[in-house]
Amino acid sequence: MALWWSLPLLFAEATLGPGMNPLPKIAKDGEQHFSQMAAANENSVVDMSAIVQRNPLQFEFLTDFWCAYELSDRKRTMALLIDDMQVEYHDYVQGIMPPIIQLLEGFRKAKLPIFWSTWWRWSPDDGFFNSMDRFYGPIGWNTSLNALYNHKPNGGDVLPEVAPKTLEERKRVMHKSYSLDMFDESPMEWLVPDGQGTLHTELQKLGVDTVVQVGAWTDDCIISTAFHAFSLQYDVVLIEDGVSTASKNHFNAIQVMRGAAAKVVFAREVVEYLNDGQPVKPPAPKAKLAGPRQRLALIEERSRESSDLRNAKKGHEQSEQHIDENSQRALALSAAESAGQRRFADQLVLILIASIGPASFAAGWVLRGRFHQFAIRDAPLL
């Protein structure tokens, strides 16, 4: 059976050049339905798994991305990857134990494969020295602050709450010593050796096309495994309440995976999907919209957004300019009124001065005549 399974792979490798690897068969899974959806919605942004935000700090817009597919979009063969749920990390992973136990029970009930990994490093001289030793450094290597090595005698054992129960399950427990990534361990060491290959090889033998990730650490082994699985063409499902870490980068790592490689869900969503029998409910293609007109509408919408932003900024500047102009006009009017008032006062003074002379002369002349008359009348007779 193993020979028949390997024949297509051997044929594919024979047709490749040196250093080239064959494209995994699962890379094409769901292509037909995807093509139908793509043909019907190539120019529509309705229900698109992306959103644009304004970014005032660097360039105008930032974009958030997230996974577009649903678990029920197509028929799937899933595997649960339980990463480093081991005695060494007991304190960090207790909070995620209940959802992982639920998933473990759900996968066992559905008879779907489960794989475990444990971190298998003990000291700088344990025979596995590599780039991670250089990264963490030699100082304090035997203290709990050094995260590279196990510091408990049984630190590499799987925690009993989520440990394998059968011999078949024990054959799916790997020890990692060189790589954070479950897919990249070399040489691969299995708890119960039985001719196993790499994790990718074992998953392909089982026809797996979707991996569900839980365990520790979110920002190390989980994220490394997620991106490698993604590059190997698996659909990656990250259980948000089923991963944990000892560092402050937990939520940042989840956001990176959410926006680049993984469908991030809660454990209960996958458990419900399994309990429902892994239903297939592909979304119906929507009516195809007019390509050029839809494209033009999108361009116009984004152009309006940019125009609104520019107009708001321009309006603010114009408002400030208008206020400045009004202030300057008011000051000019006030100055003109003051100048006019001063000119009127000056003219009034000049008129008064100019009229005082003739008025005084006329008054003097009249008074002089009257005085002369009074003087003659009242003069004594001789």
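Q: Which residues do ring pairs link into a cluster?
A: Tyr89, Tyr92 and Trp217 are joined into a cluster by ring pairs. Rings of Phe, Tyr and Trp (its six-membered ring) count as a pair if their centres lie within 6.5 Å, with planes under 30 degrees apart called stacked, over 60 edge-to-face and the rest tilted. This is a predicted model, in which local features need pLDDT of at least 70 and side-chain atom pairs count only at pLDDT 80 or more, while totals for chains, interfaces and linings use all residues. Residues are numbered from 1 along each chain as its sequence is written, and side-chain values use heavy atoms, with hydrogens and water left out.

Q: How many aromatic pairs does a search of the whole structure find?
A: The search finds eight aromatic pairs. In one of them, the ring centres of Trp120 and Trp122 are 5.3 Å apart and the planes stand at 85°, so the pair is edge-to-face. Trp122 counts as partly exposed, at 26% relative accessibility; the cut-offs are under 20% relative accessible area for buried, over 50% for exposed, and partly exposed in between (1.4 Å probe, protein chains only). Phe128 and Tyr178 also form an edge-to-face pair, because their centres are 5.8 Å apart and their planes lie at 85°. Phe128 is in the loop between E4 and H5 and Tyr178 in the loop between E5 and strand E6 (189–190), so this pair ties together parts that are 50 residues apart in sequence. Tyr178 is partly exposed, with 31% relative accessibility.

Q: Which residues touch the most other members of the largest nonpolar core?
A: A nonpolar core is a set of buried Ala, Val, Leu, Ile, Met, Phe, Trp, Tyr and Cys residues joined through side-chain atoms within 4.5 Å. The largest here has 38 residues, and Leu80, Leu103, Phe107, Ile239 and Val270 touch the most other members. Two or more residues come from each of strand E3 (78–83), helix H4 (97–109), strand E4 (114–119), strand E7 (210–216), strand E8 (235–244) and helix H10 (267–275). Such elements are DSSP runs numbered from the N terminus: helices (H or I) of at least four residues and strands (E) of at least two. With residues up to four places away in sequence left out, the contacts of Leu80 (heavy atoms within 4.5 Å) include Leu103, Phe107, Ile114 and Val212. A second, separate core of 26 residues includes Trp190, Ile222, Val236 and Ala262.

Q: What span does helix H4 reach from its first C-alpha to its last?
A: The expected span of a helix is 1.5 Å times one less than its number of residues. H4 has 13 residues and reaches 18 Å, close to the 18 Å expected. Its buried residues are Met97, Pro99, Ile100, Leu103, Leu104, Gly106 and Phe107, and they pack against E3, helix H3 (90–93), E4, E7, E8 and H10.

Q: Which elements do the buried residues of H8 pack against?
A: They pack against E3, helix H5 (131–136), strand E5 (173–176), E7, E8 and helix H9 (250–260). Among the buried residues of H8 are Asp219, Asp220, Cys221 and Ile222. Helix H8 (residues 218–231) has 14 residues and reaches 18 Å, close to the 20 Å expected.

Q: Is Glu169 buried or exposed?
A: Glu169 counts as buried, because its relative accessible area is 12%. Glu169 is in helix H6 (residues 167–170), and its side chain reaches the backbone nitrogen of Lys165 at 2.7 Å. Glu169 also touches Arg108, Ile114, Trp116 and Pro164, leaving aside residues up to four places away in sequence.

Q: Where does pLDDT stay under 50 with zero contacts beyond four places in sequence?
A: This applies to residues 370–382. Over residues 1–14 pLDDT also stays under 50, and the model has six such contacts there. The scale, from 0 to 100, gives the predictor's confidence in each residue. The protein averages a pLDDT of 80, and 68% of the residues score at least 70. Where pLDDT is low, the predicted coordinates should not be read in detail.

Conventions:
Polar contact = N/O pair within 3.5 Å; in protein donor to acceptor, adjacent residues only side chain to side chain.
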